[in-house]
Every structure is written in structure tokens, then in C-alpha cells.
Amino acid sequence: MAKSAGFVLIFFFISTISLVIPIDCHDHLTSFFIFGDSLFDSGNNNYFNTTARANFYPYGETFFKHPTGRFSDGRLIPDFIAEYAKLPYILPYLQPGNNEFRHGVNFASAGAGALLETNRGYVKDLKTQLGYFKNVSRVLRQKLGDKNARALLSRAVYSFSIGSNDYSSLFPTNSTALPSAQQLMGLVIGNITEVIQEIYEIGGRKFVFQTLGNLDCTPFARALEETKPGACFDKMAPYIELHNKEISELLKKLQIELKGFKYSLVDVYSLFEEIRDQPSKFGFKEAKVACCGSGPYRGISSCGWAEYELCDNVRDYVFFDSGHPTEKASQYVAKRAWSGKPSASGSYNLKALFGPN
């Protein structure tokens with residue numbers, strides 16, 4: 001995840017005629033609204049004053065051939081999902097001139113958490129992203145009318161990658177008064193619940209969440225482990241495990257309580273655990289060391305802006321920098337999320353969520 005220090009523009013024929021075309025002429029399209037952190041940020045952090053950016057070499061070099069603000073050598077999970085859904089790449093909300101929202105918009109901000117306090121001053125937190133979505137929903141009502149906007153919003157898919165920074169930002173720290181996993185998880189899940197409920201009230205019905213990945217086994221975390229060099233950083237594990245359990249329970253609960261609520265829970269934790277344990281099975285050679293960075297396991301977040309090392313073949317690596325997967329690793333997760341077997345009873349894969357209601 002991005003530290004505080006450290007899926008588009010659709011070309012519609014904008015005319016009087018286009019604005020009165022009934023929305024059911026576009027029934028084959030499902031809008032895609034993206035919230036979260038650096039795993040999903042397609043460049044929002046480029047457009048406000050923050051150091052949590054990836055708008056410099058070598059980010060973006062594999063696919064886009066230039067830095068876009070994505071914390072990757074290429075595409076992110078939402079980019080692949082947009083491709084599979086036959087949508088263009090979803091533009092950052094803060095990108096100047098982005099005011100055509102009928103295919104969706106990306107609100108994610110690198111370094112963001114569910115809590116306002118997480119990396120405060122460097123990011124757009126989840127509640128701020130919700131505010132941006134409310135602005136977009138008003139624009140859609142103005143352009144399409146209430147009925148058509150409501151139809152678009154109810155068909156749309158709302159995808160989240162959030163929570164990692166709320167926990168990982170606790171480390172490294174010299175404080176002996178860290179909040180308990182139960183205490184912090186309660187605050188994080190509480191804020192996530194409020195955001196889901198507000199989007200539901202506006203019209204959202206189809207939600208996608210990811211479990212937290214193996215944060216304790218990223219190059220960043222391995223570099224923190226001093227007593228057992230090369231091991232995962234065990235102090236993070238209780239936070240991750242409790243969050244993943246509670247987000248699963250929350251989604252099951254909301255499906256019962258909220259009429260029409262559908263969800264997909266992408267088990268990123270298990271997917272990366274598979275890759276970590278048997279990298280060669282999935283076409284990787286290195287699952288501990290980052291492609292770009294410095295220090296032990298290239299776990300220091302120096303990629304592109306300070307003294308750093310860069311690997312020869314990024315496709316051999318699971319991690320591009322100290323905390324973010326390579327395009328190849330993201331594609332593997334996206335494929336499983338799109339058409340794989342749902343990870344929880346009652347949930348859907350993304351292909352089903354993007355399909356007709």
C-alpha cells in the first residue's frame with residue numbers, strides 16, 4: 001500500500017439528442033465506480049498536493065510506456081476488470097476535464113484508508129471519496145433525469161480496495177500503545193458500513209470488496225522483521241485476519257438486511273498466499289523481493305524517487321515495489337475475481353455482477 005511519505009473517458013456524442021436518448025438504449029453497459037487506495041488509484045493523487053504519487057519512471061513502463069499515477073509497472077486490477085466488462089479504462093475523478101460519468105469513475109487515492117486519520121493530509125479518505133460519488137450522482141441526475149440515473153446507478157458495480165493503510169500505517173512505529181486489532185477493526189468496518197449504506201440509499205446494489213492481502217509478507221513488511229530475517233512481519237497478522245473475517249460477515253449480513261443487495265468478495269489474501277507459497281506454479285520466480293526499491297528485499301519505498309534498484313525482468317516478480325503487485329500478479333487476481341468460483345456462500349463472481357440484472 002502507498003505510504004503517506006509511501007478500473008475512460010467514453011466518447012459520447014454530446015448533443016441535445018444524446019441527452020434525451022432513453023437510458024435503456026444502453027442496457028448492455030454496466031457502469032463501474034471504483035473506491036479505495038493505491039491498489040486501485042489510476043492517478044487521482046496526481047491532481048492534489050501529496051507525496052503519495054507514482055507519476056514518475058519506472059512506474060507504468062510495462063503497458064502504458066509512461067507513468068500514469070498507478071503504483072504498478074502497468075495495469076491494476078480495476079483496469080483488467082474494465083477490459084473484461086468491455087468498458088474503457090475508468091478515469092480518475094480528479095483528472096481535469098473528466099465530466100462524463102456514464103461508464104463510471106475512479107475515486108481511489110493512494111494511501112487512503114477508511115479512517116480520516118489514516119495518512120491525513122496526504123490522501124482522499126473513503127468518506128471524501130463518498131462525497132465525490134455524491135457529486136457524480138447529482139451530475140447524472142441532471143443529465144439523464146432521476147429515473148434514468150437511478151437505473152444506471154442500480155445496475156452499476158461499486159468496487160472497493162480499502163483498509164490496508166488503516167492497519168499498515170501503524171508500522172513501523174516506536175509506540176507501545178498501538179490500538180488493539182479489535183478496537184481498530186471496529187472503527188474501520190464501521191466507516192465501511194456507513195459508506196455502503198449511503199451508496200445503497202443513492203441507488204447502488206452491487207458491491208465488490210477485496211480481503212486484505214498478505215500485508216505482513218510484502219517486501220515492506222519483511223524488511224521490518226528484525227528477529228527472523230526473511231520471515232513475514234507477524235505483528236500485522238492479527239489485524240489482517242480479524243478485518244478479513246469481519247468484512248465477510250458484514251457483506252453476508254447486508255445481503256440479508258438490504259433488498260436487492262448483491263456482493264462479490266475477492267479473496268486476495270488466499271490468492272496471494274497461493275502465489276507466495278508456489279510462485280513457479282503461477283509463472284513467477286520471485287515472491288519475496290520487489291522488482292523496484294532498496295534495502296532488504298527492496299522493501300524500502302524508494303522506487304523512482306530516491307536511490308533504488310530495478311530488476312531485469314518484471315514478469316518474474318510478484319511485487320513491483322515494496323507494497324504493490326506487478327501487472328502480471330494483478331492480472332491473475334482479476335481473472336480469478338472475474339470468472340472464478342465465488343469465495344463465499346451467497347456471493348457472486350464479477351462476471352455475474354456485470355451481467356444483466
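## Charges over aromatic rings

The charged end of Arg-205 is placed over the ring of Tyr-200, at 3.7 Å from the ring centre. A second contact of this kind involves Lys-328, which lies over the face of Phe-284 at 4.6 Å from the centre of the ring. These and the other features reported here are taken from a predicted model.

## Aromatic pairs

The count of aromatic pairs comes to 31. In one of them, the ring centres of Phe-64 and Tyr-89 are 6.0 Å apart and the planes meet at 70°, so the arrangement is edge-to-face. Phe-64 belongs to the loop between strand E1 (32-36) and helix H2 (77-84), while Tyr-89 belongs to the loop between H2 and strand E2 (104-106); the pair therefore ties together parts that are 25 residues apart in sequence. The two partners can also be described by their accessibility: Phe-64 is buried, with a relative accessibility of 17%, whereas Tyr-89, with a relative accessible area of 22%, is partly exposed. The cut-off for burial is under 20% relative accessible area.

Trp-338 and Phe-354 form a tilted aromatic pair, with 5.6 Å from centre to centre and 40° between the planes. Trp-338 is in helix H10 (residues 327-339) and Phe-354 in helix H11 (residues 350-354); the pair links distant parts of the chain, 16 residues apart. Both Trp-338 and Phe-354 are buried.

## The largest cavity

The largest cavity holds about 190 Å³ of space. Its lining consists of 17 residues, and those nearest the centre of the cavity are Gly-213, Asn-214, Thr-218, Phe-272 and Phe-319.

Helix H9 (residues 268-277) supplies the largest share of this lining, namely 3 residues. By residue class, the lining of the largest cavity comprises 11 nonpolar, 5 polar and 1 charged.

## The two sides of helix H4

Helix H4 spans residues 146-155, and within this helix Asn-148, Ala-149, Leu-152, Leu-153 and Arg-155 are buried. Viewed down the axis of H4, the buried residues fall within an arc of 165°, so they line one face of the helix. The exposed residues Asp-146 and Lys-147 are carried on the face of H4 turned away from its buried side.

## The loop between E1 and H2

Pro-58 lies in the loop between E1 and H2. The peptide bond joining Tyr-57 and Pro-58 is cis, with omega about 5°.

Gly-60 is also found in the loop between E1 and H2. Gly-60 has a relative accessible area of 2% and is therefore buried. In sequence, Gly-60 and Ala-290 are 230 residues apart, and in space their C-alpha to C-alpha distance is 15 Å.

Asn-119 is not a glycine, yet its phi is positive, at about 55°. This residue, Asn-119, lies in the loop between E2 and helix H3 (126-144). Its relative accessibility is 13%, so Asn-119 counts as buried.

Arg-298, likewise a residue other than glycine, has a positive phi near 50°. Arg-298 is placed in the loop between strand E6 (292-293) and strand E7 (309-310). With 15% relative accessibility, Arg-298 counts as buried.

Key. Residues are numbered from 1 along each chain as its sequence is written. This is a predicted model: local features need pLDDT of at least 70, side-chain atom pairs count only at pLDDT 80 or more; totals for chains, interfaces and linings use all residues. Side-chain values use heavy atoms; hydrogens and water are left out. Rings of Phe, Tyr and Trp (its six-membered ring) pair if their centres lie within 6.5 Å; planes under 30 degrees apart count as stacked, over 60 as edge-to-face and the rest as tilted. Helices (H or I, at least four residues) and strands (E, at least two) are DSSP runs, numbered from the N terminus. Buried means under 20% relative accessible area, exposed over 50%, partly exposed in between (1.4 Å probe, protein chains only). A charge sits over a ring if NZ of Lys or CZ of Arg is within 6 Å of the ring centre and within 35 degrees of the ring normal. On a 1 Å grid over the protein atoms alone, a cavity is a set of points where a 1.4 Å probe fits but cannot get out, and a pocket is an open set with protein on both sides within 12 Å along at least five of seven lines; lining residues have an atom within 4 Å of a point. Grid points are joined across faces, edges and corners, and a volume is the space filled by probe spheres set on the points. Ala, Val, Leu, Ile, Met, Phe, Trp, Tyr, Cys and Pro count as nonpolar, Asp, Glu, Lys and Arg as charged, and the others, Gly among them, as polar. The arc is that of the directions from the helix axis to the C-beta atoms.
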